[in-house]
Structures are given as C-alpha cells and as structure tokens.
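Trainee: I'd like to learn how to read a protein model. Could you walk me through some features?

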Amino acid sequence: MDIAKEIQKRRTFAIISHPDAGKTTLTEKLLLYGGAVQLAGSVTARKNQRATTSDWMELERKRGISISSTVLQFDYDGYRINLLDTPGHKDFSEDTYRVLTAVDAVVMVIDAGKGIEAQTLKLFEVCRQRGVPIFTFMNKCDRPTREPLALLDELERVLGIGAFPVNWPIGNGFEFQGVYDRQTRQVYLFERVVGGQYRAPVSVGGLSDPIIRGRLSDETFAKVSEELAMLDSAGEIFDDAAVLAGQTTPVFFGSGVNNFGVQLLLDGFLKHSPPPKPRVMAGSQIAPDHAEFSGFIFKIQANMDPKHRDRIAFVRICSGKFERDMTVIHPRTEKKVRLSSSHKLFGNEREVVNEAYPGDIIGLVGHSDFGIGDTLTTDRNICYKEIPRFTPEAFAYLHNPNTAKFKQFRTGLDQLLQEGVIQVLQLRDATIKVPLLAAVGPLQFEVVQYRLESEYGAPSRLEAAPWTVVRWLPAQFTEPDLDALSLPTGARLAYDMGQNPVILFANDWSANYFSQTNPKAALSSLPIGRLTN
Ligand SMILES: Nc1nc2c(ncn2[C@@H]2O[C@H](COP(=O)(O)OP(=O)(O)OP(=O)(O)O)[C@@H](O)[C@H]2O)c(=O)[nH]1
Ligand SMILES: [Mg+2]
C-alpha cells in the first residue's frame, strides 16, 4: 500500500473548549454521523439510557464532566479519523495541552449563548502558537444565543483571527430551525428528535424555495436574508491557505444535543482540514513520509479496561509505517524495544492493530519503561520534544488510613503517578513519609482518591498542605548548597520524583522575596533538563 495515500486519508483532531460547551456531546454526535455508533449516548445518561463513548470513566459518568482525554478512531467517507475529546476544566488542562501536541487540527466549541470563555481563550492561544488550524462550532443554538454577527465579531476581536461563516443559523433559540450553507446556497432545516439519539431528519432547498420559505416566519426570513446579504457584500471567500495557516477559522452553527449541523460540520471539517504535517524537531523537519518510523507518547492511562488492568501508552505516529512486532529505539533508555501489543482505540475499547500510519494514535500495552514525552523510532536521529509541562499549584498529603491496604495504596499511587496527572514530592528532612501530592488543580486529587478506591480498593485521606507555589532550584545544587540556604518562614525544601531539589513556598510573595534575597539560587517554575517521571 502506498504510504502517501494512507497519510492523505488521515485526519487527527481534538475537540477543545471551556467546560460544558458541549465537546463530549458533539463528539458523540460526530460518532453517530460518522457511522461509528448506531445510537448516540448522552452525558447525563439516566437509567436505560446510553452514556457517551468518550466519557467512559465511572467518575465522568457520575459527575457529567470529562476528566481525561479520550481517543476515538473510526473510518468515514474514505477518511481514517483519529478524534480526541478533551476535558475543559482547567484542573485537567495538562492532559488537554498534551493532546494538542498530538493533533493536526482542532474543533473549538463555543456555547453560542456565552461566547468565548476563559478556558477557550487559553486553549486557543496554545493552538495559535503551534499554528494548528482551528474550526469553530457555535453550539447550543437551540437556546437563546448572542447575535451571530456579534459572535463572529468577538472571534475576530478577542482571538485576533479571521472568522469565515461556512453556514448561518436560521432562527434563534426555540425558533432555531436550521442553517444556510453559504457554499452551496442551500438551506438545511432540521427536525428535533427526542433525546437526539438518532440522526435528525433534514429538508434541503434554496432559501426562497416555497416549501422552505413556508416553514420560516416572515421575521426570520427577513432577518436571515438581510444578514446573508451583508455577509455576501463583504465579498470574502473561503481561503483554504488562511485556514491551514491558522489565520482564519471556518465557523459552523448548530446544536450538538439536537444533532443540528453536525453532518455539515463533519463534512466541512474533513474537506478543509489538513492531513498529517511534518513535525519540527530541533529546527529540522521530519516529514510524515520519511522512510523511518517515529512517534511520541503523549498520554499514559492505567486500567482503561477493568478486565485487563494494564496500562496503555498513547502514541502519535509522526512518520513511516508502524508494524506490529517491529523493534524500535527508545531514546530515553537507549534500549531496543519490540512493540507487539499494539491497539487501535475507541473510548475504552481496543482492538489489535497490525499496521498504522502517520496521524494514527495507537495504544501500546505493557511497557513499564515508557513515560510521557518519550519518542519511539527506528531512526537514531529522531527525538521529539513535544510535551509541555505544567507547574503544580495545588499541594496535599495523601494518607493511607488502612495499613492492611498498604500494598494496594502504594501500587495504585505508583501507577497513577506514571500517568503524569499528579506528581509526588518528598520533603527534605521529613520525619514521616506521607506522600505529598502536587497537581495543577485540586480536582486532580479527587480523581486520584476516587481511582485509588475504585480501581485498587485502597481508601485514602487527603490533608491540605500549606503551600501554593513550587520552584525548582538549579540542577547543579549540592546538598551543602541546600544546607546553606535560608528560607522564608513557612517555606520548605523538597525533592521531585527525579530527585531534583525544589522549594515549596506559602505564596508568590514569599517566592519573590526569596529570589531577591538569594540571587545565586535562580528559581524556575519547571524542572530544567530531564522529565521527572
Ligand atoms: N441546550 C443544549 N445543551 C447542550 C448542547 N450540547 C450539549 N449540551 C449540554 O451541555 C452540557 C455539557 O455538555 P458536555 O458535552 O458534557 O460538555 P463538555 O464540553 O464535554 O464538558 P467538559 O468535558 O466537562 O468540559 C450537557 O448537559 C449537555 O447535554 C446543545 O446543543 N444544546
Ligand atoms: Mg466532555
């Protein structure tokens, strides 16, 4: 098989936004329209109702929020799609940011009643820095929304990006009936289906087509006609190059929960989004059709399948062909590794995969040496440095209240640490060895506790720790150097998992005071050099 053809048909993208904008719901509907599920589940599934494919964790279903990113691979219309649903909550943003390193495009979901929210803005900035093409879905049009023109204006003003409406909403809120496709000049009127489990029926026709016209109120018809005339008079045309460069975002309107506009988004996205691009590595570029295989690990997750209780390393393939049982180099350990347990992923389901191509995300099972950020390749010269690190801002002790469960507690914690969602710090001169957890946000502690209990049968107790800031000391600092430091009140010395010395401070003020009074001990907000896990 021609590798160029395989690359051309890959589309690898993430769905991103502020919490609750409707990413998981939209993901499920993309699966429905992509033919990957027959019946769409819902985020707040009640009895006898299906839950969504991407929120498969027990805690996600309980809470109705996404906690961990999910990979869904499926085929549709000649494409092989690798779709990633991401959590919106900022406490889980490290996971989301890692996913952004593994995709070639994103769909940014906006709650059209609210406009651009804080977390969306942050994620957008990361996409822009990486030059990732962004497609926008204005969701929840079934509820009262802001004026569509104002929403476009906000994209341009707040994000500083061109916004090109591919389609336009007809009616607002309860009156929302469909969208007008500006490319084909066709109206798509949708009908609501109870629960949105099945595809919504559509009628298609021109705006003045008597059947279509008859279903619109005079007011709606006049408003849409006027808005469309205004958009047309601006004379902008769809500029593929500007979209691929991340300068313009194509905008689609709809309602995920009602299945409105989902098909148009899916087809429009596939038509205009890019296949895998070359990867930048130390200034040079590795093209996807480079003869040697390469990829990197952007996520690790344990216990995805309760039947197996193992851990999966998620690999984004960047170049060459992957073949099961192939031997690759693992540059961090300089070992040669045979990759025999490879899977394609669909939520928490997996299936053995024998070959895969650039753009694909595969799951490798059973390599305890693999860490987040690691490269796997057959080319000695390739080593990707993609994974962003976040500075923890939340700290807490995790006690094991039940000594009989010590083994489960320790094994569980070790495995969760390997996933890289939390870190553990060791206080210098600590008298008792209670793990001190460090995370981006406190919700991560809750997830750790919940998973320890449900996946390992180990209950735990959390105790607040008095710090909010951690800073790394220079790598060359020796023990006598540490002894010589004089710390502000309340600050403590500790080590991270790679034995790098850090200081924990009560607050920013205390950290700044230390920096000013100890110019030789330059602090950094991240460990310099090697990864810590
Ligand atoms: N009215 C309306 N509600 C919607 C729509 N799409 C999603 N919702 C609801 O919005 C809520 C949040 O939806 P999710 O899909 O979980 O949102 P999310 O962006 O995945 O949230 P996080 O993953 O937690 O960040 C749920 O109650 C959905 O039913 C829509 O088109 N219209
Ligand atoms: Mg979600």
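Mentor: Let's start with a term: a salt bridge is a side-chain nitrogen of Lys or Arg within 4 Å of a carboxyl oxygen of Asp or Glu. This is a predicted model, where local features need pLDDT of at least 70, side-chain atom pairs count only at pLDDT 80 or more, and totals for chains, interfaces and linings use all residues. Residues are numbered from 1 along each chain as its sequence is written, chains are lettered from A and ligands numbered from 1 in the order in which they are written, and side-chain values use heavy atoms, leaving out hydrogens and water.

Trainee: How many salt bridges does a search of the whole structure find?

Mentor: The search turns up 28. In one of them, aspartate 232 meets arginine 182, at 3.5 Å from N to O. That pair ties together distant parts of the chain, 50 residues apart: aspartate 232 sits in helix α8 (residues 218-233), and arginine 182 in the loop between β8 (178-181) and β9 (186-190). By the way, helices (H or I, at least four residues) and strands (E, at least two) are DSSP runs, numbered from the N terminus.

Trainee: Is arginine 182 buried or exposed?

Mentor: First the cut-offs: buried means under 20% relative accessible area, exposed over 50%, and partly exposed in between (1.4 Å probe, protein chains only). Arginine 182 has 13% relative accessibility, so it counts as buried. Aspartate 232, with 37%, is partly exposed.

Trainee: What about a salt bridge inside one helix?

Mentor: Take arginine 451 and glutamate 455, whose closest N and O atoms are 2.8 Å apart. Both belong to helix α12 (residues 443-456), four residues apart, or about one turn of the helix.

Trainee: Which residues coordinate the magnesium ion?

Mentor: For a metal, donors are N, O and S atoms within 2.8 Å (3.2 Å for Na, K and Ca); water is not among the atoms, so sites may look incomplete. Here Thr24 (OG1) and Ser66 (OG) coordinate the magnesium ion (ligand 2), at 1.9 to 2.0 Å. Threonine 24 is in helix α2 (residues 23-33), while serine 66 is in the loop between α3 (58-63) and β2 (70-76), 42 residues apart. Threonine 24 is buried because its relative accessibility is 6%, and serine 66 is buried at 10%.

Trainee: Why is helix α10 described as largely enclosed?

Mentor: Because eight of its 11 residues (262-272) are buried, α10 is largely enclosed by the rest of the structure. Among those buried residues are Val262, Phe269 and His272.
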